Amino acid sequence: MSTIFESMDEWGPEKVVVVSDARTRMKGVLVIDNTARGIGKGGTRMQPTVSVGEISRLARVMTWKWAAVDLFFGGAKAGIRADPHSPYKEEILRSFVRALRNEVPQEYVYGLDMGLTENDAAIINDELGDRGAAVGTPFDLGGIPYDQLGITGFGVAEVVDEAAAAVGLAGKRVAIQGFGAVGHATAERLHHLGYSVVAISTAQGAIHDPAGLDIPGLLRLRAEVGDSLVSSVPELAIETGTELFVDADIVVPAALQDVLTEANVSRVRGRLLVEGANLPTNAGAQKMLREAGVTVVPDFIANAGGVVSAAFAMDARYSAFRPQTEQIFTSVSAKLRANTVSVLEEANRRDLTTHEAATRLAQSRVRAAMELRGKVLPF
Ligand code: NAD
């Protein structure tokens, strides 16, 4: 536990609860990072490699994400070290949830992350006999299934459109890495907004058409064959990974982390890069992009549609009425577009990378809340 003590700083974490159960061999952790602006909220991950350090870092990201979108929740994250494909998944999950019954839902509410599905969220609520213990539950339980609705990708596309208008690239050519929950919904909305999507990829390959891909056709194919849709047009195939470097005006990494570093970022030809994925660029790459005049919209601004919908789901937890999804889309669009403008302006005004500007904005909001609650000495 000494490493956890060393990772504690002026922001948090405020609380770290490590639990285990001999019978199911469950091991898990809840990290509540900073609750100055509201109770802890962040997804719950199940992976064989989960560590206390990893969950702590993700909880801190949530602190900044909530503050950056100006929603009143605190940063938190939970992790269970187990195989999500285990036949004992439900037993492991239920024992984790029982072990944290003192914290949930008063201090933390579960959400979805890697390894946890909408049905698992329903199991959590069942275990605690409380509809408010987890969000991300299925539509049939009154929940908001955000991935199914494609809200995060919709938000990424709205951000692309706002930033593109600011830098004179509205309606231009876009290359998207990843065609999953985020990537396909980004492509769908951008197509609708009149952009030409010239390249996409999945784990099974990448395709490029300088004249613009048939996005409605590819979306239909995805519904039938999933990731292998890219094999349907072998004549358009390019090497996987190079979709980020094709001749396009706008680039949207929406799959993996760490795909753009100092070693390859100079190959990006677009003038606007919108981070749909979490952590696709490192700090060195961000600096190089800025120096090269490429506008970057950071991940926690661009993909915040997920947290906005989680906030709606939080409010809807105890309601008898089905959530009105149109209102979520409208709110995601308005919030993300406004944030994009303020981060781009702030970065220019202070000569910072957009990541630095967005982090400063989030930190100033958390700091203000901490001061008001008497948690820190004033500046
Ligand atoms: P997903 O599993 O639904 O889709 C991932 C996509 O990336 C798939 O199309 C997959 O084939 C593709 N892919 C995998 N490896 C690839 C490779 N080497 N080259 C090209 N494509 C590859 O995941 P998702 O939910 O769309 O998440 C994508 C990113 O967005 C992640 O970084 C995630 O953390 C982030 N994110 C997701 C949400 C959300 O609401 N789903 C919210 C915020 C951030």
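1. Basis of the values. Because the model is predicted, local features need pLDDT of at least 70 and side-chain atom pairs count only at pLDDT 80 or more, whereas totals for chains, interfaces and linings use all residues. Residues are numbered from 1 along each chain as its sequence is written, and side-chain values use heavy atoms, with hydrogens and water left out.

2. Strands β1 (residues 15-21) and β2 (residues 26-34) run antiparallel and are joined by 7 bridges; helices (H or I, at least four residues) and strands (E, at least two) are DSSP runs numbered from the N terminus, and two strands pair if DSSP finds at least two bridges between them. Asp-21 has Met-26 of β2 as its bridge partner. The two strands form a hairpin with 4 residues between them, and in that turn Arg-25 has a positive phi of about 60°.

3. The open sheet. Seven strands make up an open sheet with mixed pairing, in the order β10-β9-β8-β7-β11-β12-β13. The edges are taken by β10 (237-238) and β13 (295-297), each of which has a single partner strand, so one side of each is left without a neighbour in the sheet. Within the sheet, β11 (residues 250-253) and β12 (residues 272-274) pair in the parallel sense over 2 bridges, and Ile-250 has Leu-272 of β12 as its bridge partner. Helix α6 (residues 151-166) packs on the sheet, touching β11, β12 and β13, and its direction makes about 155° with that of β12; contact means heavy atoms within 4.5 Å, while axes are lines fitted to C-alpha atoms, for helices over the stretch in contact, with angles from 0 to 180 degrees between N-to-C directions.

4. Helix α7. The 12 residues of α7 (residues 181-192) should span 16 Å at 1.5 Å a residue, and the end C-alpha atoms are 17 Å apart, which agrees; the expected span is 1.5 Å times one less than the number of residues. Its buried residues (under 20% relative accessible area, with exposed over 50% and partly exposed in between, for a 1.4 Å probe and protein chains only) are Gly-183, His-184, Ala-185, Thr-186, Ala-187 and Leu-190. These buried residues pack against α6, β7 (173-177), β8 (196-202), α8 (215-225) and β11. After α7 comes Gly-194, with a positive phi near 95°.

5. The ligand. Oxygen atoms of the ligand are placed 2.8 Å from a backbone N or O atom of Ala-203, 3.1 Å from a polar backbone atom of Phe-179 and 3.0 Å from a side-chain N or O atom of Asn-278.

6. Arg-45, in strand β4 (residues 44-47), is buried with a relative accessible area of 11%, and its contacts beyond four places in sequence include Glu-54 and Asp-113. Asp-120 lies in helix α4 (residues 118-128) and is buried at 8%; a polar atom of its side chain is 2.8 Å from the backbone nitrogen of Thr-117.

7. Trp-11. This residue lies in the loop between α1 (2-7) and β1 and is buried, with a relative accessible area of 9%. The C-alpha atoms of Trp-11 and Met-370 are separated by 9.0 Å, although the two are 359 residues apart along the chain, and Met-370 is among the residues that Trp-11 touches, as are Trp-64 and Arg-367.

How values were computed
A polar contact is a pair of N or O atoms within 3.5 Å; within protein, one must be able to donate a hydrogen and the other to accept it, and residues adjacent in sequence count only if both atoms are side-chain atoms.
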